[in-house]
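My entries follow the order of the search.

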Amino acid sequence: MFKSLYRLHQHLDRRQPEAVLTGRGVLVMLIIFLTEQLGAQALAVVPSYFGLNLGIMEINMIVNGGALLLMFLFFGGFFLESFKNAFREFKAVYLWLPVACNFCTVIANLIVQMALAIARGEFQTTSNNAVVIQLLQQYPVQLILLTVLIAPITEEAVFRAALSRPMTISDKGWVRALGFVLSVFLFAFFHIYQFAFFAVDASGAVYLTFNLNEFISILVYVPMAISLAICSFFGKNFWCSVWCHMITNIIAVMLMFLTGNTLQ
């Protein structure tokens with residue numbers, strides 16, 4: 001059954017075929033992702049009715065860890081096939097491409113941050129980064145495990161393996177372009193939507209809103225999203241974008257740790 005969730009796509013310039021999700025596989029992956037997101041919202045509210053109070057880190061570890069387990073349950077063959085192919089036919093692209101993309105991401109991100117600082121009249125970190133810095137100071141081990149290992153695999157499985165790669169292998173140029181753009185936009189949007197469209201009042205109730213400043217912060221995540229999409233497209237292997245994501249998050253966590261401690 002689970003083998004029907006992916007297929008092998010042969011490239012002319014590669015001896016080993018690439019594992020690509022089928023339509024059914026994309027649907028299952030998106031269901032797991034939506035279940036993870038809804039589960040996070042439920043865990044933030046439901047436990048309080050039973051006298052339990054789960055913190056942000058506990059909720060994130062539960063839902064992200066659960067999503068990762070489900071992905072390995074349903075897509076273990078896909079992950080393993082991609083991982084074996086990365087070593088069966090290892091090429092320099094798997095080494096220099098993630099590193100080069102990370103270097104370009106850092107430069108592009110600095111340009112975006114400077115442009116936003118000039119437009120706003122001051123430097124502002126994103127709300128997502130502010131939360132990560134706070135959690136890093138309180139739960140360093142759990143946060144590093146979440147951002148460096150769990151999140152790169154789960155997010156790449158959704159935004160690259162499911163939402164991008166099945167489209168970017170198409171023979172039609174507009175389908176490839178759509179898959180690339182969709183992957184970049186949704187990945188960047190995923191990191192800001194909670195702060196741009198939701199707010200919490202003094203009583204703790206969540207309500208819909210629109211924060212233009214938070215929405216503009218989507219630009220901060222676009223360089224990273226483009227780099228990951230490039231790794232997925234040119235690397236032609238799920239783990240190429242995962243390694244790039246891991247490297248990016250390692251660098252980000254190190255910078256946040258130093259900056260966070262400096263700001264205290």
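Y6 stands opposite L21 in β2.

I note that the model is predicted, with pLDDT of at least 70 needed for local features and 80 or more for side-chain atom pairs, while totals for chains, interfaces and linings use all residues. Numbering runs from 1 along each chain as its sequence is written, and side-chain values use heavy atoms, without hydrogens and water.

I then searched the whole structure for salt bridges (a Lys or Arg side-chain nitrogen within 4 Å of an Asp or Glu carboxyl oxygen) and found three.

E18 and R165 meet in one of them, at 2.8 Å from N to O. The pair joins strand β2 to helix α6 (residues 165-168), 147 residues apart. E18 is buried at 5% relative accessible area, and R165 is buried at 4%; buried means under 20%, exposed over 50%, partly exposed in between, for a 1.4 Å probe and protein chains only.

K236 bridges to D13, with the closest N and O atoms 2.9 Å apart. D13 is partly exposed, at 42%.

I recorded R160 with E156 at 2.8 Å between the closest N and O atoms. Both R160 and E156 are buried. They are four residues apart in helix α5, so about one helical turn separates them.

Notes:
Two strands pair if DSSP finds at least two bridges between them. Helices (H or I, at least four residues) and strands (E, at least two) are DSSP runs, numbered from the N terminus.
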